[in-house]
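Q: Please take me through the terms used for the model below. For each one, I would like the value set against its cut-off.

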Amino acid sequence: MLLDNDDERILAGEQGETKQKMLELLVALGKVFGAERLVPVKSAQVSGASYKTIGKYGLEWLNSLDAKAVVPAVLNPIGMPRTRWQEMGVDAAFAKNQEAVVAAYARLGIALECTCTPYYLRETLYGDHLAWSESSAVSYANSVIGARTNREGGPGALAAALVGKTPCYGLHLAANRKPQVIVRVQADTRDWTIADYGALGYHAGKLVGNRIPFFSGITPERDQLKALGAAMAATGAVALYHVEGVTPEAVKVSYDLGNLETIAVETDDVRRLFREVPVNAVALGCPHCSPEELGNLARILAGKRVKKPLYIFASQGVIDANRSAVDIIEKSGAKVYADTCMVVSPVMEQYAGIMVNSGKALAYVPDMCGGAARIGTTEECVRVAME
Ligand code: F3S
């Protein structure tokens, strides 16, 4: 693998043992995947941030490291809102451990924005090389923005943050970004919502697995693309998809689709996922809400009162920039929490049935929270929260 003088100095230990070990990790990864060189990254997004997922040994490992991030880097959602954990009902012992994990990352120079939607906080552009790890963020970066990132593991993303580079293989290379299967949606999608696109992603992810799909027959907007990609990354392993006439590479690059397998998806494949299940809490914001989603929720909830717990998740930066919408939402009794989400917070484990508007949450809630999940539109979710 081609390394420059700076890399060689780091490998020789001139910038400390942590950076040396981190670059060794990146070089080893690169060798496994056939990378010829490292590529500088514009930013990193580091998973392995919730104490629920990394536990005591993960925390010990983080505490053993001594270096500072050299590119902008944020964390994935953690197990609680950093400032409102007591109000959310998080156990004090868990909170203490979670705070220790956050402090360890802060010491490493990782910004304490804990979100799966870093693209709302820092401009990310077409062609940027990144080292992001949360699957929906990776899918959005590659597909909706046209940036380039593999789905990094937590240590790989942290290593990239500390070194500023990542091995150049996989989705960093144009040759590996071509469609591998066509998904033809044969349905009237004009009135489709975020939830419909989430359900489409839930269904399509199971069919395409880890291939790069090229969708035709749909014209999703940005939040709908976010929902589609997040769900496909959950039920499949899709880190990049294209939508004819919509996503940037499908528009800019002329792909040869001639010999690809075609999978047809019909209305019933999507509608059958909208099953009625008893619900005792509602959770929205998977992936974390955009400003537009918060604005829409404020319009729907204005002057209303919820009876069931209604959790809404967004990044702290998006919450701060949309304070009036958040105030209207919280006047209804709903809660808008930063830093965490319905899947990584242990608080959600108390509910036997959770309603969501997200195909990804539909896939993850049963395993990660132990309850049943039901998908509905945002309006249906609010209506159920009011019953
Ligand atoms: Fe984000 Fe949590 Fe969903 S990390 S994509 S809100 S499961």
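Q: Are Tyr311 and Tyr337 buried or exposed?
A: Both Tyr311 and Tyr337 are buried. Buried means under 20% relative accessible area, exposed means over 50%, and partly exposed covers the range in between, with a 1.4 Å probe and protein chains only. The model is predicted, so local features need pLDDT of at least 70 and side-chain atom pairs pLDDT 80 or more, whereas totals for chains, interfaces and linings use all residues. Residues are numbered from 1 along each chain as its sequence is written, and side-chain values use heavy atoms, with hydrogens and water left out.

Q: How many aromatic pairs does the structure hold, and why is the pair of Tyr119 and Tyr120 given its class?
A: There are 10 aromatic pairs in the structure. In one of them, the ring centres of Tyr119 and Tyr120 are 4.8 Å apart and the planes stand at 70°, so this pair is edge-to-face. Rings of Phe, Tyr and Trp (its six-membered ring) pair if their centres lie within 6.5 Å; planes under 30 degrees apart are stacked, those over 60 are edge-to-face, and the rest are tilted.

Q: What makes Tyr119 buried, and what makes Tyr120 partly exposed?
A: Tyr119 has a relative accessible area of 10%, so it is buried. Tyr120 has 23%, so it is partly exposed.

Q: Why is the pair of Tyr311 and Tyr337 called tilted?
A: The centres of the Tyr311 and Tyr337 rings are 6.3 Å apart and their planes are at 35°, so the pair is tilted. It joins distant parts of the chain, 26 residues apart: Tyr311 belongs to strand 12 (residues 310-313) and Tyr337 to strand 13 (residues 335-337). Helices (H or I, at least four residues) and strands (E, at least two) are DSSP runs numbered from the N terminus.

Q: Which residues do ring pairs link into a cluster?
A: Tyr119, Tyr120, Trp132 and Tyr140 are linked into a cluster by ring pairs.

Q: What is the distance of Lys252 from the ring centre of Tyr126, and that of the charged end of Arg271 from the ring centre of Phe274?
A: Lys252 lies over the face of Tyr126 at 4.5 Å from the ring centre. For Arg271, the charged end sits over the Phe274 ring, 4.1 Å from its centre. A charge sits over a ring if NZ of Lys or CZ of Arg is within 6 Å of the ring centre and within 35 degrees of the ring normal.

Q: What makes Met22 buried?
A: Met22 has 3% relative accessibility, so it counts as buried. Met22 is placed in helix 2. Its C-alpha atom is separated by 7.9 Å from that of Ala160, 138 residues apart along the chain.

Q: Why does Ala12 count as exposed?
A: The relative accessibility of Ala12 is 56%, so it counts as exposed. Ala12 lies in the loop between helix 1 (5-11) and helix 2 (17-32).

Q: What makes Val253 partly exposed, and why is Asn176 placed in that class?
A: Val253 has 32% relative accessibility, so it counts as partly exposed. Val253 is in the loop between helix 10 (248-252) and strand 10 (262-266). With 35% relative accessibility, Asn176 counts as partly exposed. The loop that holds Asn176 runs between strand 6 (165-167) and strand 7 (181-186). Asn176 and Ile212 are 36 residues apart in sequence, with their C-alpha atoms 9.3 Å apart in space.

Q: How do you know that Asp339 is buried, and what is its phi?
A: Asp339 has a relative accessible area of 2%, so it is buried. Its phi is positive, about 75°, although Asp339 is not a glycine. Asp339 is in the loop between strand 13 and strand 14 (353-356).

Q: What is the omega of the peptide bond from Cys286 to Pro287?
A: The bond from Cys286 to Pro287 has omega near -10° and is cis. Pro287 belongs to the loop between strand 11 (281-284) and helix 12 (291-301).
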